[in-house]
Amino acid sequence: MNITIIEHPLVRHKLSLMREADCSTYRFRTLTKELARLMAYEASRDFATEVFTLQGWCGDIEAHRIKGKTVTIVPILRAGLGMLDGVLDLIPTAKISVVGLQRDEETLQPVSYFEKFVDDMDKRPALIIDPMLATGGSMVATIDLLKKKGCKNIKALVLVAAPEGVKVVNEAHPDVTIYTAALDSHLNENGYIIPGLGDAGDKIFGTK
Ligand code: URA
């Protein structure tokens, strides 16, 4: 399985706080952002760097910088927006591409109702963000869209993943690494991750 479970005491602690039934909107939103920030650190660990010469205070020195075009962060609407600021805290120069998906009532497959990509998608790493990887349908559809734009280096960052969704994404796109804070037990009959977080979009936005 192409999945990295981010084992870090702060990640475990913050995710546990989010699982509390009476977690307030403010607290859930804040924790989503904090977790996204911590997890982006891990997900960017293998970003390519290059050496360049920098004029330092004592003369020229060998320094390092991220190589190539800036990463594009890809929030999946709407819940993915809750993770955006946390990732931007770490990568403030990132470009943002946005994908919105809805279920086709006949095929039951996710179809795009909104997509706005930055330029040079074929030259940038892409980091998809969505708090919940449940059935995997939206994630696969988003990766399909990114690959159509020429993206070659794609990662997915989720807070909680279900084994069913991981399998679907891994089978469709074995080259895409999924980063998650937790691999939970299973999906229930309504497609919710158990134990999961409930409806992450509703909890981030305060809707019901
Ligand atoms: N989306 C959510 O917000 N929660 C789940 O458990 C599954 C999908």
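**Entry: ground rules**

I note that this is a predicted model, in which local features need pLDDT of at least 70 and side-chain atom pairs count only at pLDDT 80 or more, while totals for chains, interfaces and linings use all residues. Residues are numbered from 1 along each chain as its sequence is written.

**Entry: overall dimensions and fold**

I took the radius of gyration over C-alpha atoms and used the globule rule of 2.2 Å times the number of residues to the power 0.38. The protein has 18 Å, which agrees with the value near 17 Å that a compact globule of 208 residues would have. The box that the C-alpha atoms fill, taken along the principal axes, is roughly 65 × 35 × 30 Å.

I counted helices (H or I, at least four residues) and strands (E, at least two) as DSSP runs numbered from the N terminus, and the secondary structure comes to 6 helices and 13 strands. For contacts I required C-beta atoms, placed from the backbone, to lie within 7 Å; among contacts between residues at least 6 apart in sequence, 64% join residues at least 24 apart.

The UniProt record, in an unreviewed entry, lists residues 6-207 as "domain: Phosphoribosyltransferase"; its positions are given in the numbering used here, feature names are shortened, and annotations may be inferred rather than shown by experiment. Over that range I find 33% helix and 30% strand, with the end C-alpha atoms 29 Å apart.

**Entry: strand 8 and its partners**

I let two strands pair if DSSP finds at least two bridges between them. Strand 8 (residues 126-129) sends Ala 126 and Ile 128 one way and Leu 127 and Ile 129 the other way, and all of these are buried. Strand 4 and strand 8 pair in the parallel sense over 4 bridges, and here Ile 73 has Leu 127 as its bridge partner.

**Entry: the ligand shell**

Which residues surround the ligand? I listed Ala 79, Met 132, Ala 134, Gly 191, Tyr 192, Ile 193, Gly 196, Asp 199, Ala 200 and Gly 201, a residue being near a molecule if its C-beta atom, placed from the backbone, lies within 6 Å of it. This shell divides into 6 nonpolar, 3 polar and 1 charged, where Ala, Val, Leu, Ile, Met, Phe, Trp, Tyr, Cys and Pro count as nonpolar, Asp, Glu, Lys and Arg as charged, and the others, Gly among them, as polar.

The UniProt "binding site" feature, from an unreviewed entry, includes Arg 78, Met 132, Ala 134 and Asp 199. I followed Met 132 into strand 9 (residues 132-133), where it is buried because 27 other C-beta atoms lie within 10 Å. Leaving aside neighbours within four places in sequence, the contacts of Met 132 include Ala 79, Val 158, Ile 193, Gly 196 and Ala 200.

Arg 78 sits in the loop between strand 4 (72-75) and helix 3 (81-90) and counts as partly exposed, because it has 15 C-beta neighbours inside 10 Å. Beyond four places in sequence, Arg 78 is in contact with Gly 201 and Phe 205.

**Entry: backbone geometry**

I checked omega and found a cis peptide bond joining Leu 77 and Arg 78, at about -5°, and another joining Ile 194 and Pro 195, at about 0°. Pro 195 lies in the loop between strand 13 (193-194) and helix 6 (200-205).

Strand 6 (residues 98-103) and strand 7 (residues 110-116) pair in the antiparallel sense over 6 bridges, with Gly 100 opposite Phe 114. The two strands form a hairpin with 6 residues between them, and Leu 108 in the turn has a positive phi of about 65°. Leu 108 is exposed, because 8 other C-beta atoms lie within 10 Å. Asp 120, also not a glycine, has a positive phi near 55°; I placed Asp 120 in the loop between strand 7 and strand 8.

Methods:
Buried ≥ 20, exposed ≤ 12 C-beta atoms within 10 Å, placed from the backbone. Contact = placed C-beta atoms within 7 Å.
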